[in-house]
Amino acid sequence: MEKINRTHENADVTLLAANQFADEDWVSPKRFQERVVKRLKSLCVQTSFEWDSERTLERTQRGNEVRIIGNFETELLEQSKRQRLSDVFSMTSLAIDDGRWTQTEFVGRPIDAGQTMVVTVSGTYAKQGILTKHHITKEFHCSSVGEIYY
């Protein structure tokens with residue numbers, strides 16, 4: 001793992017303890033290294049958001065490893081007569097495959113005068129004996145009438 005962490009930019013890979021390996025996780029060293037290098041690519045993410053307790057919208061991007069659910073607040077700007085994203089109430093995330101995702105933090109940053117919220121969700125993902133750290137960044141947009149979309 002040390003060699004991979006040194007030779008791949010932003011790699012932060014560790015091995016799980018041997019007792020956390022499933023039977024199918026025990027593969028040849030070459031196959032294991034291939035799995036590790038593949039894991040260094042971005043996780044597949046399903047993005048969702050809620051703006052009230054009754055409606056949740058979802059979009060799947062490239063697969064289904066981690067699901068991120070956001071809950072946002074919008075406000076009316078009187079001078080421009082349009083809504084903007086003013087806060088991120090919460091960002092929750094979970095693994096939606098057989099991996100284990102642990103969210104460690106989230107940060108929301110408004111851009112474009114509040115029309116866009118850039119959210120980064122950080123955490124660790126464990127699967128096949130490999131533990132990796134990830135920072136998933138997504139943009140959420142607000143229409144002039146307060147509809148949130150990707």
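Is D112 buried, partly exposed or exposed? D112 is partly exposed, at a relative accessible area of 48%. Here buried stands for under 20% relative accessible area, exposed for over 50%, and partly exposed for what lies in between (1.4 Å probe, protein chains only).

The views below show a predicted model, in which local features need pLDDT of at least 70, side-chain atom pairs count only at pLDDT 80 or more, and totals for chains, interfaces and linings use all residues. Residues are numbered from 1 along each chain as its sequence is written, and side-chain values use heavy atoms, with hydrogens and water left out.

D112 is not a glycine, yet its phi is positive, at about 55 degrees. D112 sits in the loop between β6 and β7. Strands are DSSP runs of E with at least two residues, helices are runs of H or I with at least four, and both are numbered from the N terminus. K81, also not a glycine, has a positive phi of about 55 degrees. The loop between β4 (66-77) and β5 holds K81. K81 is exposed, with 59% relative accessibility.

**View B. The salt-bridge network around K127.**
D97, D98 and K127 are joined in a network of salt bridges. A salt bridge requires a side-chain nitrogen of Lys or Arg within 4 Å of a carboxyl oxygen of Asp or Glu. In the pair K127 and D97, the closest N and O atoms are 3.5 Å apart. K127 belongs to strand β7 and D97 to the loop between β5 (82-95) and β6 (100-111), so this pair ties together parts 30 residues apart in sequence. The side chains of D98 and K127 meet at 3.1 Å, N to O. K127 is partly exposed at 21%. D97 is partly exposed at 24%. D98 is exposed at 65%.

**View C. The E75 and R84 pair.**
E75 and R84 form a salt bridge through their side chains, at 2.4 Å from N to O. E75 is partly exposed, with 31% relative accessibility. R84 is partly exposed too, at 24%. The salt bridge count comes to 5.

**View D. T124 in strand β7.**
T124 lies in strand β7 (residues 116-127). T124 is buried, with a relative accessible area of 18%. Contact means heavy atoms within 4.5 Å. Neighbours within four places in sequence aside, T124 touches R100, W101, T102, L131, T132 and K133.

**View E. The second largest pocket.**
The second largest pocket holds about 310 Å³ of space. On a 1 Å grid over the protein atoms alone, a pocket is an open set of points where a 1.4 Å probe fits, with protein on both sides within 12 Å along at least five of seven lines; lining residues have an atom within 4 Å of a point. Its volume is the space filled by probe spheres set on the points, which are joined across faces, edges and corners. The lining of this pocket has 13 residues, with R35, K38, R39, E65 and Q128 nearest the centre. α2 (29-39) and β7 each supply at least two lining residues. α2 gives the most, with 4 residues. By class, the lining has 4 nonpolar, 2 polar and 7 charged residues. Nonpolar covers Ala, Val, Leu, Ile, Met, Phe, Trp, Tyr, Cys and Pro; charged covers Asp, Glu, Lys and Arg; polar covers the others, Gly among them.
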